[in-house]
Structure formats: C-alpha cells, structure tokens
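Colleague: Could you walk me through reading the features of a model like this one? I'd like the general idea each time, then the case in hand.

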Amino acid sequence: MNPPTMYASFLVRVWQDADTAAIIPPVATWRVEIEHIQTGQQCFFDTLGQALDFLYRQVYPVDTISDKTL
C-alpha cells in the first residue's frame, strides 16, 4: 500500500506597487501575496525573491534537510 500523497496548494498574487510604478515604471516595486489554500493563511512579501524563499521552505523545511544535502 502506498503512503498518501502530501501536497499543498497556494494562490500567488503578484502586482506592481502603484506609487513606484507612477514614478519610475521600469523599476517599479513588485508586491507578492501567497495564500495557503488549505489553511487560508496569507503572507505578504516585498520582493519575488522573498516569496520564492518562502515557497522553498514550505517544500523543504529546514529540519528535514540532512547534512549530506548541504
């Protein structure tokens, strides 16, 4: 018998900050919201990098990484 599949669903919203987009459009600040569908928890980020780091930690929590993988 196979163990149950573990999964999580996220809704990701990305938008340009209206204040910086009006001043300097090519380098406007992007904002990110990630909502965990199963729990309804919402997290907001100032950069795409922060959001991607968050998602990475959801898939690979720090306590599950062995020394062999580092």
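Modeller: Let's go through the fold, the strand pairing, the salt bridges and the surface.

Modeller: Some ground rules to begin with: this is a predicted model, where local features need pLDDT of at least 70 and side-chain atom pairs count only at pLDDT 80 or more, while totals for chains, interfaces and linings use all residues. Residues are numbered from 1 along each chain as its sequence is written, and side-chain values use heavy atoms, with hydrogens and water left out.

Colleague: Fine. In what order do the elements of the protein chain run from the N terminus on?

Modeller: Helices (H or I, at least four residues) and strands (E, at least two) are DSSP runs, numbered from the N terminus. Here the order is β-α-β-β-α, with 2 helices and 3 strands in the protein chain.

Colleague: Is β2 mostly covered or mostly open?

Modeller: Relative accessible area decides that: buried is under 20%, exposed over 50%, and partly exposed in between (1.4 Å probe, protein chains only). β2 is mostly covered, with 5 of its 7 residues buried. Across the protein chain, buried residues make up 16% of the 70 residues.

Colleague: Now the charges. How many salt bridges does a search of the whole structure find?

Modeller: The general idea is that side chains of opposite charge can pair when their charged atoms come close. The cut-off is a side-chain nitrogen of Lys or Arg within 4 Å of a carboxyl oxygen of Asp or Glu, and the search finds 4. Take Glu35 and Arg13, which meet at 3.4 Å, N to O. That pair links distant parts of the chain, 22 residues apart: Glu35 sits in strand β2 (residues 30–36), Arg13 in strand β1 (residues 10–16). Glu35 counts as buried at 18%, whereas Arg13 is partly exposed at 33%. Arg13, Glu33 and Glu35 are linked in a network of salt bridges.

Colleague: Which residues pair with Arg31?

Modeller: Asp17 is one, with a salt bridge at 3.2 Å, N to O. Arg31 lies in strand β2 and Asp17 in the loop between β1 and α1 (18–23), so the pair ties together parts 14 residues apart in sequence. Asp46 also forms a salt bridge with Arg31, the closest N and O atoms being 3.1 Å apart. Asp46 is in the loop between β3 (42–45) and α2 (48–59), 15 residues from Arg31. As for cover, Asp17 is buried at 16%, Arg31 is partly exposed at 22%, and Asp46 is partly exposed at 47%.

Colleague: Last one: which residues form a nonpolar patch on the surface?

Modeller: A patch takes residues with over 30% relative accessible area and no salt bridge; like charges are joined within 9 Å, nonpolar side chains (Val, Leu, Ile, Met, Phe, Trp, Tyr) within 5 Å. Accessible areas come from the Shrake-Rupley method with a 1.4 Å probe, and for residues only the protein chains shown count as cover. Val12, Val14 and Trp30 make up the patch, with about 270 Å² of accessible area together. Trp30, found in strand β2, is partly exposed at 43%.
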